[in-house]
Each structure stands twice: as C-alpha cells, then as structure tokens.
Amino acid sequence: MAKAVQKIKLSPSCDIAFNKLVLSQSNVRRIKAGISIEDLAEDIAHREKLLQSLYVLPILDGDGQDTGMFEVPAGGRRYRALELLVRQKRLAKTAPVPCIVGEAGGKISAEEDSLAENVHRVALHPLDQFRAFKTLREQRKSEEEIAAIFFVSVNVVKQRLRLAAVSPKLLDVYADDGMSLEQLMAFSVTADHARQEQVWENVNRSGYDEPYQIRRVLTERAAQASDKRAKFIGLAAYEAAGGNVLRDLFEEDGGGWLEDIALLERLVAEKLRTEAETIAAENWKWIEVAPSFPYGHDHGLRRLEGEPADLTIEEQVSLDALQAEYTALQEKYEDADEIPDEVDTRLGELEQALAAFEDRPHIFDAAAIPHAGAFISIDADGTLHVERGYVRREDEVAFVAAVAEPNPDACAAAPGPDDGGQRASAVQGSVITMAGQATPDEEEDDAIRPLPDRLVTELTAHRTLAMQDAVAAQPHVAMTALLHKLCLDAFHRTYGPSCIEAGVRHVQLSVQAPDLKESASAKSIAARHDAWKADVPADDAALWDWLVVLDDASRLALLAHCISSGVNALFEKVDRHGGPGITAHGLQRRLDQADRLARAVGLDMVEAGWHATVDNYLGRVTKGRILDAVREARGESSAQLIEHLKKSEMAKEAERLLEGAGWLPEPLRLTAISSPSDGPDSLPEFLSEEKSADADESEQQHAVAAE
C-alpha cells in the first residue's frame with residue numbers, strides 16, 4: 001500500500017493593527033539598497049495598499065504566553081515605510097496591516113526566513129521592465145507621470161521606452177541572452193527595424209559587434225549635427241522640412257545625426273543661393289557658391305583692397321564700452337593663478353563681440369565691383385563665409401580701365417556661360433554659380449594595385465603644404481634651398497633678358513583632398529601670410545625702402561616664407577609622348593629633391609596632422625592595401641580581424657585600428673634617394689604596376705605604371 005504524501009500547511013494570513021507590530025532584530029537586511037524608505041512610503045500611499053504582506057512572529061513573554069504583539073523579521077523596509085506614514089499622520093496607528101503569521105519557536109529560525117525572502121527573490125528582467133513601461137504609455141500615462149510613479153527621471157523613462165521600441169526580433173535575441181544590454185542600446189539609435197535586423201545579422205556573423213561599431217554602422221549614412229552644413233541651416237529648419245534626426249539616448253551624440261542627406265544638401269543649397277542673391281545686390285560681376293572651396297581657390301586672382309565700413313556713433317560707443325570692459329577684466333586677473341568660470345565666459349563673449357566689429361564688411365571702389373566677384377561658402381563653425389573683391393585674369397583689362405577712368409554704365413555685368421556643367425543664373429547682373437561634387441564608386445577588389453593618380457597627387461599635396469610650412473619656419477634651410485636653385489640657374493640654365501632672373505613660382509595644388517584647406521599646415525601658412533601681408537608695402541618703391549631697413553632676423557623669416565611657397569613635392573602623371581608634361585626623369589628628380597628637403601626640415605607628416613581616414617586614403621585603395629596598412633601598423637593578428645569584411649566596413653575598422661599608430665602611406669614617407677644605378681626614370685615602388693592575374697584593363701588605365 002502506497003504511503004500517503006504529507007500535505008504542506010501554509011501559515012495563516014490576517015490583518016494586524018500597525019501599533020501591534022515591532023521591527024525584529026532578526027531581519028538580516030542591514031545595508032540600505034534600492035529605492036529609499038521615503039519613496040517606498042509614497043508608493044504605498046499612491047496605491048493605498050501593500051503589494052506584499054509582512055511576515056510576522058508572535059512575541060511571547062517569559063512564561064511562553066502570547067503578548068498580543070508581533071515582530072517583523074521579513075518586510076522591514078515595508079514596516080519602516082508604514083511607520084513613516086504614521087509619523088506623517090497619513091496612516092492611523094491602528095490601521096490594519098496584511099500579515100503572514102508564522103509559528104513562534106518553530107524549527108526554522110526567523111533569520112533563515114528573513115534571508116530566504118531576500119535571496120529567493122528574482123529581479124525583474126530588464127526587457128520585462130521596458131515592455132511594462134511601454135504598456136503604461138499605451139494606457140495613456142505620460143512619460144512624466146511614469147517617471148513620478150517609479151521615482152526615476154523622465155530621461156530614464158524615455159530610454160526604456162526607446163529600448164522597448166527596438167525590433168521584436170532583436171528583443172527576442174536579447175531575452176535569450178544572445179545580445180548584451182549595451183548592444184541593444186546601440187540599436188536604439190534608429191527606429192528602422194529592417195535596418196536594425198540587417199546590421200545585427202552582419203555584425204553577429206562577423207563577430208565585429210561592439211556597441212560603438214553598431215552605432216557607427218547605423219549612422220554611417222547620416223551627417224552629424226556637428227557637421228558645418230547642419231549648423232548652417234539649423235536642426236529646426238531641417239526637422240521642419242520633414243527631416244529625421246537620429247538621437248542616442250544612452251551616449252553623448254553631439255546633437256544626433258541628420259538621416260536625410262539629400263534633404264540636408266538641398267536646404268544648404270537653397271540657403272546659400274538666398275545669401276548669394278542678397279550679396280548679388282552689391283553688383284558683383286560673378287559669385288561662386290559652394291559649401292566649401294579647396295585650399296588656394298583664390299590663387300592667381302587679384303584681391304581688391306577694401307576699407308572697413310565706418311562705424312556709426314552708436315556702434316563706436318558700443319565698441320569703446322566693450323573694449324574698456326575687456327581691458328579692465330584682463331588687467332584685474334592678469335596675475336591670477338586661475339580665472340573664475342564666469343569671468344572666463346564673459347571674456348569669451350567680449351572677444352566674440354569685438355571680433356564682430358573687426359569682421360564687418362569692407363567698402364570697395366564702386367568702379368571696380370562690376371569687374372570683380374565673390375566666393376560664398378560655409379565656415380568650419382557653420383557660419384556664412386563671404387570673400388569679396390577678386391578679379392579674374394580675363395577681367396584684368398576691363399578692371400584696370402574702369403579703375404583708371406570709372407564708367408558709370410559698366411555697373412551691369414552680362415551673365416556668363418555655364419562652367420563645366422554647373423548651374424549658373426544671372427541675379428541683378430551677377431552670375432551666381434552653384435558648385436557640385438561627385439562621389440566615387442566603391443571598389444571591392446582585393447588586389448594590391450598601384451595607387452590611383454589622383455590619390456597620390458592629393459597625398460603629395462598634403463606633403464607639399466606641410467613642407468612649405470616647415471621651410472618657412474627654418475630660414476637657414478630656406479637660404480640653402482634658394483642658393484641651391486640659384487646655382488642651378490647660374491651654371492646649368494639660360495634665361496631671357498632680365499636684371500635678375502631668380503624667382504619662386506607659387507605652386508598651384510590643382511588636385512587636393514577636401515580637408516586640405518582645414519589642415520594645420522594650411523592654417524599656419526595662411527596666418528603667416530596674412531601677418532606679412534599686413535606689413536609689406538604694396539608700392540614697389542616703398543617695398544624696396546622697407547626691405548632696406550628691415551632687420552636681419554625679419555629678412556630671413558620673410559625670405560623663408562617667400563621661398564616656401566615655391567616648394568613642390570607634388571606627384572604628377574608622367575607624359576610619355578613628348579608633350580609639355582613632366583617626364584619620368586623630371587618627376588624622379590623632383591621627388592628626390594623633395595625627400596632631401598624634407599630631411600633637412602625634419603618633416604614628419606604625422607606631427608603635421610595627417611592620419612589615415614576612410615576619406616583621404618582607406619576608402620580609395622584596394623582591400624589588399626588596407627590590410628597591408630593594418631599589418632604594418634598593428635601586426636598580422638589585427639589584419640586578420642578585418643580581412644573577412646566588405647571593403648566599406650574594412651576601411652572604417654582600419655581607420656580605428658590605425659588611429660594613433662603613426663602609419664603613413666608610401667607617398668608621405670621619407671624614402672631613400674634613388675641612386676644612379678636605379679636608372680634615370682625609375683619611380684617609387686608604390687607607383688609601379690604589379691603584374692597580378694586579376695588586374696583588369698580599366699584599373700590599369702587609372703594606375704601609374706613605370707615602363
């Protein structure tokens with residue numbers, strides 16, 4: 001006969017007046033954790049009930065008789081919250097409290113019961129919490145109400161609602177511990193479920209699934225809010241036009257990402273055109289408009305000298321007051337070890353206000369304006385950048401005649417033809433040209449091919465500018481370079497009639513990367529040039545007299561600056577058909593001399609600010625070259641981490657791996673000077689064609705090959 005299973009008898013529950021309860025010393029919880037007693041009391045008051053009963057034991061006297069009082073070994077925080085409500089007179093002392101009554105002196109101790117209640121409690125899975133918040137939101141509770149009920153900030157509520165809105169497929173992966181919370185947070189940056197699932201499939205398969213990598217992939221098609229184009233039009237205008245902004249609620253996102261690039265560029269073009277039409281009212285002959293212009297875009301153009309507009313009486317009073325306040329603050333804190341934050345902020349505001357007076361528009365000769373033009377672009381900080389007063393070579397004759405004898409009928413300039421397929425329109429006599437930009441197609445080839453001509457030219461343009469800056473800072477080297485050129489001219493070449501034929505031709509960087517203008521070298525050269533230009537007299541005779549009395553140190557510095565503008569380390573495509581272009585021998589000679597000069601000035605392109613990015617190198621070469629770069633800089637193991645990726649993803653990860661490594665592509669390195677045994681027309685290895693079986697004809701046409 002089977003033995004009957006003994007049934008468990010649960011402890012009874014009943015309501016006990018609060019003033020019959022006391023906190024037990026057997027409660028194992030000693031350290032505060034979780035929400036505060038005050039918050040728990042507010043939650044009980046909000047619900048007007050306990051969601052969980054107290055566990056109590058009868059208190060016996062010395063004879064083992066029931067005293068009518070009960071101790072609370074489990075539920076001490078709830079007891080303290082009720083006690084607080086009683087002290088606040090929001091709960092009666094005799095209010096009934098739901099309790100589970102245990103047996104006094106039973107075989108299980110009060111300490112064990114207290115420990116079991118806390119240890120066996122399972123915390124709510126975060127996903128359950130996210131979904132619960134979503135349910136409350138669907139029940140029409142506002143984010144603020146939810147935050148108040150659960151004693152969290154509104155931002156925390158927004159974060160949890162955002163996580164609950166991630167693709168259900170990814171939420172299921174997270175629930176099964178197939179994804180970390182940090183990864184789920186990264187996916188919440190976009191609301192596009194299809195895109196989320198696509199990216200998860202890619203990163204999960206590749207193993208390249210760090211949260212920052214997920215964020216970068218999800219936002220790679222968007223423009224950051226810190227982009228100068230976004231600053232120029234403003235987020236409000238972009239969103240008003242229907243543009244979506246991706247925002248990261250879990251990381252600092254710098255204002256988010258603008259998802260619709262086409263809309264962004266359209267709004268930028270429209271605002272630039274509006275600004276151009278306003279400036280066209282000044283009667284300029286031409287206006288060129290683009291988000292940015294390359295470094296040296298004004299080379300070869302005459303620059304008109306304008307005079308700053310006169311200040312009104314009110315403006316002068318304001319300027320004097322600002323300058324006086326600025327001077328007083330500087331003098332007051334001149335010897336201070338640390339300037340208070342509010343004073344530092346005020347000094348910055350004053351500097352901006354004073355700079356606005358310095359940057360006020362210039363007034364130009366009315367007779368010259370119809371023969372000159374202006375460039376309109378966006379500055380690095382997102383403000384409008386207008387450069388007025390440039391005369392093109394084809395307008396020189398008319399300009400000189402107009403300035404010599406002003407013609408009042410010459411104030412209307414006829415519209416010119418379109419330039420290279422760019423849009424042009426005549427507005428109030430000015431020809432406004434809106435510039436465009438092409439995007440190269442992605443290359444998926446694994447072969448190690450010669451670097452494309454344009455890329456090598458862009459890289460050597462960076463090197464040329466950095467070398468010019470370095471030469472200008474070292475007068476001794478500049479003097480040596482000048483004497484070297486003069487000796488070559490004097491003993492090996494002949495020139496036409498002239499008093500002195502020594503001279504330096506300014507090097508035009510016709511092919512350059514978009515970021516060259518913002519490089520440290522470009523800014524340094526421009527600042528130095530402007531400083532000298534402010535001192536150098538424009539009149540020929542006055543210039544001679546000024547140079548005569550110039551001290552030796554200044555003469556050397558000026559000489560170095562002038563010579564530096566003629567430094568040319570550019571790669572150019574070799575002319576192999578006897579045309580006017582450079583020969584292989586001439587190119588090799590130039591590159592050898594450039595290396596010699598680079599060594600003399602101690603040129604380091606890493607210190608000059610160049611580092612490999614997707615835009616300036618990695619996205620422009622084959623996968624084989626990307627892997628070679630990572631292998632050289634970080635070793636074979638790092639290269640193996642990314643060799644399975646598509647080229648676009650490989651280039652992005654290579655940029656991260658190369659950061660801080662000091663790696664440089666061949667055109668930017670100091671190479672050994674070629675010896676006579678190399679042959680007169682031998683070019684560097686990175687310009688020589690490699691005979692790979694998979695090299696197709698179209699690639700060979702774009703590569704630099706040495707015969």
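Close-up 1. Strand β9 (residues 286-289) pairs in the parallel sense with strand β13 (residues 373-378) over four bridges; strands pair if DSSP finds at least two bridges between them. Strands (E, at least two residues) and helices (H or I, at least four) are DSSP runs, numbered from the N terminus. Glu288 has Phe375 as its bridge partner in β13. Strand β16 (residues 430-434) also pairs with β9 in the parallel sense, over four bridges, and there Val289 stands opposite Met434.

The model is predicted, with local features needing pLDDT of at least 70 and side-chain atom pairs counting only at pLDDT 80 or more. Residues are numbered from 1 along each chain as its sequence is written, and side-chain values use heavy atoms, without hydrogens and water.

**Close-up 2. Glu48, a residue other than glycine with positive phi.** The phi of Glu48 is near 60 degrees. Glu48 is located in the loop between α1 and β3 (54-60). With 71% relative accessibility, Glu48 is exposed; exposed means over 50% relative accessible area, buried under 20%, and partly exposed in between (1.4 Å probe, protein chains only).

**Close-up 3. Phe151, in the loop between α5 (143-149) and α6 (154-164).** Phe151 has a phi near 55 degrees, a positive value in a residue other than glycine. Most residues other than glycine have a negative phi. The relative accessible area of Phe151 is 31%, so Phe151 is partly exposed.
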